[in-house]
Each structure stands twice: as C-alpha cells, then as structure tokens.
Amino acid sequence: EAVDHFQQALRIKSDYTEAHNNLGIALAQQNRLKEAVDHFQQALCIRPDYAEAHNNLGIALAQQNRLKEAADHFQQALRIRPDYAEARDNLRMALTGQRRSGESQ
C-alpha cells in the first residue's frame with residue numbers, strides 16, 4: 001500500500017526526493033532491489049547531498065553483494081554527515097564483507 005502512495009506522490013511531483021527515497025525503502029523491504037536502487041539514484045540525481053539516500057542506496061547495493069559500490073555510498077553519506085552513525089556501521093560491515101570475499105577468492 002505504501003508503494004502505491006509514494007508512486008502517486010511522484011506522479012504529482014516527480015522531483016520529490018523524499019518520496020523517491022521512501023519508495024526505495026518500501027521496494028527494498030519487498031526485495032525489489034533493482035527498483036529500489038533506481039529510486040535512490042533518482043533521489044540523488046535531484047539532491048546529491050542527501051545523506052540518507054546515499055546510506056539507503058548503499059544498503060540496497062550491499063544486499064545485492066555489490067559491496068564496493070555500497071561502501072562508496074556509505075562514505076559519501078559520511079562526507080555529508082560525519083556524525084551519521086548508521087552509515088559508519090554500514091561502511092564497516094561493507095568493508096568487512098569486501099575483505100572476506102577477497103580472502104575467499
């Protein structure tokens with residue numbers, strides 16, 4: 001139901017960054033990660049300094065095992081908001097995952 005509401009909001013105002021971000025979150029919760037990534041990216045095209053969208057994009061990328069890209073977005077979120085604890089924790093997990101996958105190759 002939330003997906004429908006966010007889509008309606010975007011039909012009314014296509015550059016509504018928070019709606020893109022929230023739609024991305026809702027889609028990710030439904031495991032529709034490709035669509036979620038698209039909406040996080042759209043939010044960032046509109047507002048590149050949107051730390052939460054960088055963090056959420058990083059989470060969706062990490063769920064797809066795209067850990068290098070995820071780490072890049074967590075770092076961008078931290079450049080925007082250095083005190084962003086969730087992004088710092090997510091970056092730590094992404095870097096740990098990168099090291100582990102590098103060790104197993």
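In the predicted model, glycine 24 touches Ala36, His39 and Phe40, leaving aside residues up to four places away in sequence. Glycine 24 is placed in helix 2. Its relative accessible area is 0%, and since buried means under 20%, glycine 24 counts as buried.

Ala36, His39 and Phe40 are among the buried residues of helix 3, together with Leu33, Val37, Ala43 and Leu44. They cover an arc of only 165° around the axis, and therefore lie on the same side of helix 3. Lys34 and Cys45 are exposed on the other side of this helix. The packing partners of the buried residues of helix 3 are helix 1 (2-12), helix 2 (17-29), helix 4 (51-63) and helix 5 (67-80). Helix 3 itself runs over residues 33-46, 14 residues in total, and the distance from its first C-alpha to its last is 20 Å. This is close to the 20 Å expected at 1.5 Å a residue.

Helix 5, one of the partners of the buried residues of helix 3, also has 14 residues. Its end C-alpha atoms are 20 Å apart, in agreement with the 20 Å that these residues should span at 1.5 Å a residue. Leu67, Ala70, Ala71, His73, Phe74, Ala77 and Leu78 are the buried residues of helix 5. Their arc around the axis is only 165°, which puts them on the same side of helix 5. Exposed residues on the other side of helix 5 are Lys68 and Arg79.

Most residues other than glycine have a negative phi. Asparagine 31, in the loop between helix 2 and helix 3, has a positive phi, near 65°. The relative accessibility of asparagine 31 is 59%; exposed means over 50%, so this residue counts as exposed. Asparagine 65 is found in the loop between helix 4 and helix 5, and its phi is likewise positive, near 60°. With a relative accessible area of 66%, asparagine 65 is exposed.

Technical notes. Residues numbered from 1 in each chain as written. Predicted model: local features only at pLDDT ≥ 70, side-chain atom pairs only at ≥ 80, totals over all residues. Heavy atoms only, no water. Helix = DSSP H or I, 4+ residues; strand = E, 2+ residues; numbered from the N terminus. Expected span 1.5 Å × (residues − 1). Buried < 20%, exposed > 50% of the residue type's maximum accessible area, 1.4 Å probe, protein only. Arc of directions from axis to C-beta. Contact = heavy atoms within 4.5 Å.
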